[in-house]
Amino acid sequence: MTCGDAQQRLNEHLDGASLGERPLLDRHLADCPDCRGLHAAAARLEEGLRLFAAPSPPLDFAARVVGEVLADRRQRRQSRRRWAVGAALAASLLAGVIFASGRGARIQQYVVGPRLAPVVQPEEPGPMVEPIVAAPSPYDLVAQSGSAVASLPRRVADETKLSAWSLPNDVLPDLTFVGPEAPGLDQATASLAETRGGMSLAWESVEGPMRRATSWWVQMTPSIQKQ
Amino acid sequence: MKLMPPFRVCLAACLVLALPPVALHGASPRDELLRLVPDDVGVCVVLQNLRGHTAALADSPFAAQVMTSFVGDIVRNSPELKKLKEADKVLKEQLGTDWAQLRDDILGDAVVMAFQPSPGKPGEEPALFLIRARDAAFLQKLVDRLNEVQKKAGDLKELEARDHAGIKFFRRVEGTKPAYFYLIRDNVLAVANQETMLRQVIDLEKKAPAAHSATPALARQLNELATETPLFSLWIRPRAFDADLEKKAAEAKGADAAFLKNFLVYWKAVDGLALFASPQQQFEVRLAVKARTNALPASARKFFAGLGQPSDLWGAIPNDALFGVAARLDFAALPEMIGEFLPDDARKAMRDALNHSPWPPLDKIAREVLPRLGPDLGFCIIAPPAGDKDWFPQAFAALRIQPGSDDEPVEQTLMDGLNFLARVAESDYNRKNADRVTLKTVVQDRVGVRYFVNDKRFPPGLQPAYALKAGYLLFATSPDVVKRFAPSAVKPEGEVPILRVSLVAWQGFIKERREELVGVLADKDQMTKAEAGRRLDGVLAGLQFFHGVEITQRPGDGHAVVTARIRTAQPLRK
C-alpha cells in the first residue's frame, strides 16, 4: 500500500466509510510515520467529535428560518425593482417639480382617461401675513413631506410593476459550468482580495467627510419645531 | 431680527444704483457666491438656476408625456402629493410663502454649500451654506418672519447680534442644536456652523466686493470641466483629504499599507473631481477628473493610454444593440498595475500564478498570449432579427489579440489552449449530466469556429461559439454571430463611446418576442403566464419614456470627463 492509498482510505473513512482491510493499512502505518501521524490525528478528531453533545436547535429556530426565507424573498423582489425605482424616481421628481412649479393646471390639458383626477390650481403666493402663532405647527407636515417625496418613487414603481432589471436574469439560461479547479487562479484572486482592507480605508477618508457634510447641510434646513 | 427699515432699503437701492453697469452683469449668481467660499474647502456643492431649469422641465414635452401617462395618474392620486399640498398650505400660513416662491425667489438663482474636512476633528469641521436670492427684500423678510415664529414657539433660544469688520452678523441657537451663525448682505444669506468661517466670508466679501473681482478660482475650475451651466455641481478638492490618507497609510501594515501607499500616488496626481447633473435636451450626469497624467505610475499611463480613442469594436456594434460596451485598454499593463497595489510577497504569488499554470497548454498561453491581449475589448447583445425563428438574443464578447510572428504563433497557442479547455468542459459536463453537450467545428471564410450544441439544455438560437477572427478572440452565442462580426475603424468625433443601451430596441424585442418571453418568465419565476405577461407589460410601460442610455468619455488637456446620458423619448426642453 502506498501513502496515497492510505490517505485515500483515511479520507473515505472520515466521510463515513469503513477502513476496510486493516492488515495492509496497519503494515503501512507501522512503516510510515507521516501516515501514522495523519491517522492518529484523525482518530483524535473522531474522538473529540464523539464527545460533543448533539446540538439541539434553538427554540425560535423554525421562526427564524421562515423569517429569513421571507426576508430573502423580499430582498430579491426589491433588487428586481431597483432599476424600476431609479426610473420612477426621475418621473416622480419631475411630477414633484411640476407640482411645486404651480404648472399643474397647464399640464391638465394633456390629461386623458376616466380615472384621472383634476389637478388643483395652486394658489398664487399671497402677500406677507401676520404671524399665526397659534396655528398648527408645520413640523409634522414638513417631516411628512420629506417622507412623501421619498416614498413617491416606490409607489410609482410598485404600482407600475416595473421589473426590467430582472428580465435579463430571467431570460438568460443558467449556464453555470463547474469544471476542474485552477489552483493558480485561486492564488491570484486571493492576492487581489488582500487589497480590500486598503480600499475600505481609502474610501473611508473620502466618504466620511462627505457624509458629515451632507448631514450638516441637512441639519441647516430651517426647522420649525412643534409648538 | 426686525424688518428692514425703509431707510435701509433706500440706502441699499442707492448703493446698487451707484455701482457701474459691469457690477450688475459682471458675475453670475453662482460666481457671486463662490467668491465668498474660502480656498481651502474640501467639498463644494452648487445648485444654480433652479428656477430656469424647473420652468423648462415643467414645460417640456417629456413632462407632458409623463403627466398624461399612467405615472401622472398615480402621482396625482397619491396620498404623498396630498401631504405635500398640506405642507404647502401651512408654510403659507406660518411664513407667508409657499414652495414655489421659495424655489424661485430664494433658491432659484444659486445655492452653494461648502465643507472643510478636518481629520481627527469630525464634529468641528467648518461648513458653510450660501444662498443668493433673487429678491433681497423678500429674503430679509423671510428670515425675520422665521425668527419671529420660532421665538414665539420657544424654539429659538438665542439670537445675538455680533460684529466683524463693521458688518453685523448673528449667533443663533435653536432648541438643543449647536449654535450657528448667519449674515445677510443684500441678497446673499450666509450661514456657518463656526464663527471663524463666517468671519472669513465677511473678509472675503470686503476683499473682493461685488462683481468687480475676477472669476473665483473655484468657478474657473468648474468652468474648465463643465461645458454648460449645470443644475447641480459637486466639486471635491483632493488636497483637503491628503492628510487623513497619509496618516492612514503611515499607520497601516501589510497589505493595507501597500495599497494605501500606491493609492496615494494616484490620489496626488488628481487635482480635482467634479460631478455635474443637468437636464438639457436629455438628462446628463458627468464625472470629471482633473489629473496630471505624468504623475501617474507608468503602468497606469500605459493601461489608460488608449481610452482617448474609440474602439474599432464600435464598428461591429449596431446602433440598435440592446447593450453594447467597448473600450481600448492595454491589458498587458494590467498585472503590473494591479501588482503595485499589493505587498511584495502577494505580488510575487500573483505573478507566479499567472505565469505558471498547472496545465501545460494554459502555461504557454500565460507566457505568450497575456502580453498580447488588447487594447480593444467589448461586449454586445443584439435582438434577433424580427421574424427569425430563434428568439434568444444574440451576443458576442471580443478581445483584440496582437498578432505574433512566425517564430511565436500566438494565435495557434491561444487556440490550442482554448480547444483544450473546451474539451475539458465538454467531458466534465457530459460526466455530470444526463443530457450531452457536443463540441463541433465549422469553417466560415477560412475561419475555424468551434461551438457547443445541446438542444435540450440551450434555448433556440444559443450555440456558444468561439473563434479567432479579424485579430479578435471572439466568444458568441452562435456561429452565425461570428460570421457577421466585422469590426471597423471608427472616426473619433469628440466624445469616445464606452457604453450604449438602446431602450427602444428593448421595447421592440419584448413586443416581438412577448410570447416566448412570457413562457420563460413563467417557467423561471414559477408564476402564471398571465402574471408574467403583466410583468412584461409593466416593463414596456416604463420603457416608453426612454430612448436609451449611453456613457461616453471626453479626453482633454489634463482632464477626462465621463458622461452618462439618459436619452428620453421626449426632450427635456421645448
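**View 1. N49(B) in the loop between β1 (43-48) and α4 (50-58) of chain B.** In this predicted model, local features need a pLDDT of at least 70 and side-chain atom pairs count only at pLDDT 80 or more, while totals for chains, interfaces and linings use all residues. Residues are numbered from 1 along each chain as its sequence is written, chains are lettered from A and ligands numbered from 1 in the order in which they are written. Helices (H or I, at least four residues) and strands (E, at least two) are DSSP runs, numbered from the N terminus. N49(B), which is not a glycine, has a positive phi near 55°.

**View 2. A165(B) in the loop between β4 (156-164) and β5 (167-174) of chain B.** Here too a residue other than glycine shows a positive phi, about 55° for A165(B). A165(B) is exposed, since 9 other C-beta atoms lie within 10 Å. Most residues other than glycine have a negative phi, and most peptide bonds are trans.

**View 3. The cis peptide bond between G374(B) and P375(B).** Its omega is about 5°. P375(B) belongs to strand β12 (residues 373-382) of chain B.

**View 4. Helices α5 (residues 104-108) and α9 (residues 196-220) of chain A.** Among the elements of chain A, α5 has the lowest mean pLDDT (36) and α9 the highest (84); pLDDT is the predictor's confidence in each residue, from 0 to 100. Where pLDDT is low, the predicted coordinates should not be read in detail.

How values were computed:
A residue is buried if 20 or more other C-beta atoms lie within 10 Å of its own, exposed if 12 or fewer, and partly exposed in between; C-beta atoms are placed from the backbone.
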